[in-house]
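Good morning, and thank you for making time for this presentation. Please keep the structure open before you while I take you through it.

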Amino acid sequence: MEKRATFSSTTIGILFALPMLVLIFVFFYWPSGQALFWAFTLEQPWGGGNRWVGFQNFQQLLSDPVYWNSISRSMIFGLGSTAIAMGMALILALFTDRELRGHGAYRSIFVWPYAIAAPALGLAFRFILAPEAGLLSLINQVWPGIWNPALDGNDAMIAVIIAFSWKYIGYNFIFFLSALQSIPRSLIEAAAMDGSGPARRMWDIQLPLLTPTLFFLLVINITESFQDSFGIVDIMTQGGPARATELMVYKIYFDGFKGLDYSGAAAQSIILMVLVILLTFVQFRFIERRVHYK
Amino acid sequence: MNAKLLGAVGMFAVAALLAGPAAADKTKIDFWFGNSGDIAKRVQEQCDRFNASQSDYQVVCTSQGSYDASLQNTIAAFRAGQQPTIAQVSDAGTLDIMLSGAYYPANKLMADMGYTVDWSDYFSGIRSYYATSKGDMYSFPFNSSTALLYWNKDAFAKIGKDHAPATWEEAAADFKALKAAGYSCPLGFNISRDEIWQYGEQFLAVHGEPIATKKNGYEGLDAELVFNKGKWVQFIKDLKGWYDNGEAVIKSKETGQTFVEAFAAGDCQVILTSVGDHGNIGRTAKEGMNWGVAMLPVYAGTERKSSFVGGASLWVLAGKSEAEYKAAAAFFNFIAKPEEALTWSTVTGYIPVRQSGYDYLVKNGFYEKAPYAGRELAIKSLTAATTEQGSLPGIRLGGLLQIRQEMSNGLQAIFIKNEDVQASLDEAAARGNQILRKFEQTYQGKTLP
């Protein structure tokens with residue numbers, strides 16, 4: 001008979017899990033529960049009391065066309081930045097994996113952007129992308145008025161998407177590179193011996209074997225783009241010009257932390273949470289089918 | 001974010017343990033404020049002077065980085081029972097704390113601690129901005145400013161003028177002449193949330209026009225925004241006209257140069273900004289540039305009213321011990337001294353908040369010296385007319401920051417997307433009113449003090 005070392009008592013098991021459970025409760029479920037409660041009330045910021053108002057906060061938000069616009073802008077931002085961040089990272093990883101000259105240096109350099117805090121990043125990009133004084137002002141000297149994120153909503157959206165993607169390229173790069181390096185060399189060498197060039201090998205061998213990583217990063221990038229973008233928006237555009245970059249998460253930050261409208265912000269974060277859960281669900285339901293784990 | 005917070009909390013805990021026994025003989029109180037950079041240093045110096053002036057109390061002053069962050073941290077600390085004794089709250093946060101009951105009213109504190117304060121010594125415009133509707137002072141006006149017009153004398157000399165425009169009609173002609181004389185930016189301005197104050201609230205104030213009914217909200221939480229109905233509409237139309245003609249140019253951080261920087265560099269010839277920028281412009285202005293300040297223009301035929309004070313006031317929070325309140329009272333008594341007003345106005349661009357402080361500055365010839373001359377116009381602008389003569393007491397609206405954001409969004413739609421002026425301002429007012437109604441509902445059952 002096979003011998004197994006198991007815990008006879010469930011109590012000990014639970015005791016081992018307890019520290020982690022407490023952490024998760026304190027840092028995730030408790031605040032989420034609080035937000036859920038506030039979303040159905042009107043909370044006085046200094047804690048003088050609150051009133052139960054049912055679905056009023058949600059009703060006001062969902063009947064506001066401006067709020068719907070910010071939802072669709074968040075979608076555009078999420079899809080745009082995810083596409084750029086993942087696409088660029090994949091290309092960089094594929095080239096680094098081919099061991100081009102200096103690949104050792106690239107391997108560490110490409111990771112750095114992820115270590116930069118969003119506000120510092122926003123400041124740097126605000127300078128780089130400033131239409132009159134920044135580095136990009138050169139193109140305005142060639143074609144006057146072609147680039148102006150301060151006054152053109154589309155340019156502003158492009159600017160925040162670039163800044164955000166730049167940060168996540170580094171993050172995605174690590175995952176892609178390690179996934180590429182775990183692909184057995186023999187497969188690639190066999191394909192090379194059969195006469196397929198680098199591009200063919202990437203398309204037919206490396207990419208299909210990367211699908212689990214691609215899927216994981218897709219979920220993470222979409223989620224992060226909905227949640228992690230407020231710092232960059234706050235520094236670069238403050239949601240302007242004329243609401244062009246007012247993403248859902250920036251509005252939560254502004255209404256809650258600056259405007260002291262705790263209940264409105266709580267209701268918005270519940271909506272955002274539901275939206276992210278839905279998006280993740282859709283991805284697992286429809287995209288994961290095409291992922292080959294083995 | 002959480003890790004940072006934990007780290008900070010840990011640091012405070014360690015610091016408190018270390019500092020605990022050493023200062024046991026002194027009563028120690030915390031003072032949290034929002035100013036950063038140079039002003040934060042000046043506040044720190046003031047705290048140091050207080051600590052050196054006596055041996056019973058020690059005030060620990062901590063900058064929280066910005067008004068918003070300071071208010072946010074103070075609220076979080078208050079809700080956790082760890083609040084500082086003194087907190088700085090900016091104009092936009094005044095109504096929330098006033099309705100909260102989380103404070104020890106300033107007038108009561110000073111009376112309880114045995115100090116007699118002549119509250120009428122505060123300039124009326126400053127006093128009324130922070131006072132209750134009945135005129136009681138619940139907080140101490142601290143760093144105070146108002147908006148002024150800054151003009152480049154060299155450029156105006158080129159168009160044959162030796163004085164700043166006093167009316168908007170005159171200003172319009174000046175902008176036109178400056179443009180014709182080859183200046184690319186006669187008026188530099190911006191329409192972001194933090195920079196429409198001088199074009200919105202201050203414009204309405206000096207014209208004596210309400211931003212909202214019920215005396216700008218002083219007479220009840222059920223006030224409604226009316227800025228879309230008066231002279232402001234015409235002003236925005238004029239401003240848009242200047243903008244379309246290239247006589248007014250948007251200068252912001254996003255374009256690469258703020259209007260204050262543009263003025264100091266000689267790139268823009270007129271700007272409207274806080275008197276708090278006076279010192280900064282004096283230090284950074286292009287070598288040899290002649291410039292001056294003037295009160296905000298009004299439309300011809302308008303009787304000038306007082307402009308509003310900007311900045312913040314100091315609140316004493318509830319739930320501290322008798323000894324801590326004694327320390328706070330001593331601190332307030334100290335910073336009220338005329339000598340402190342002189343030092344404060346010398347090292348910052350802020351103005352004295354009391355008549356006695358102002359008189360002391362005048363007596364010392366402060367306003368005759370080169371870098372400070374002109375700042376007396378801020379006092380003149382703040383005291384142009386009393387409330388009996390038709391000036392409004394201030395703005396007492398809930399969600400003021402969000403309302404400013406709506407005004408800013410309305411202006412951006414007008415200037416950037418060329419939307420109709422009246423329709424955009426109407427929409428901004430309607431959205432602002434929703435914010436006011438929600439605020440009113442949140443505080444239902446409470447009466448405005």
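Let me begin with a definition: two residues are in contact if their C-beta atoms, placed from the backbone, lie within 7 Å. A second one concerns the elements: helices (H or I, at least four residues) and strands (E, at least two) are DSSP runs, numbered from the N terminus. The model is predicted, so local features need pLDDT of at least 70 and side-chain atom pairs count only at pLDDT 80 or more, while totals for chains, interfaces and linings use all residues. Residues are numbered from 1 along each chain as its sequence is written, and chains are lettered from A and ligands numbered from 1 in the order in which they are written.

I turn to chain A. Twelve helices and two strands make up its elements, and from the N terminus on they run α-β-β-α-α-α-α-α-α-α-α-α-α-α. Its C-alpha trace spans about 80 × 75 × 30 Å along the principal axes. A residue is called buried if 20 or more other C-beta atoms lie within 10 Å of its own, exposed if 12 or fewer, and partly exposed in between, with C-beta atoms placed from the backbone. By that rule, 35% of the 294 residues of chain A count as buried. Among contacts in chain A with a separation of 6 or more, 67% join residues 24 or more positions apart.

Next, the annotations. UniProt positions are given in the numbering used here, feature names are shortened, and annotations may be inferred rather than shown by experiment. The unreviewed UniProt entry places "transmembrane region" at residues 12–30, 75–96, 108–129, 156–180, 201–220 and 265–287 of chain A. In the model, residues 75–96 of chain A are 100% helix and 0% strand, with end C-alpha atoms 31 Å apart. Residues 156–180 of chain A are likewise 100% helix and 0% strand, and there the end C-alpha atoms are 35 Å apart. The unreviewed entry also gives "domain: ABC transmembrane type-1" for residues 71–283 of chain A. That span is 75% helix and 0% strand, and its end C-alpha atoms lie 18 Å apart.

What covers the buried residues of helix 11 of chain A? The covering elements include helix 3 (65–97), helix 9 (198–227), helix 10 (230–236) and helix 12 of chain A, together with helix 3 and helix 18 of chain B. Ten of the eleven residues of helix 11 of chain A are buried, so this helix is largely enclosed by the rest of the structure. Among the buried residues are Met248(A), Tyr250(A), Phe254(A) and Lys258(A).

Leu260(A) lies in the loop between helix 11 (248–258) and helix 12 (262–287) of chain A. Although Leu260(A) is not a glycine, its phi is positive, at about 60°. Leu260(A) is buried, with 29 other C-beta atoms within 10 Å.

Finally, chain B is divided into domain 1 (10–144 + 311–368) and domain 2 (147–307 + 398–442), with bounds that come from an automatic or database domain assignment. Their centres, taken over C-alpha atoms, are separated by 30 Å. The contact between them takes eight residues from domain 1 of chain B and twelve residues from domain 2 of chain B.
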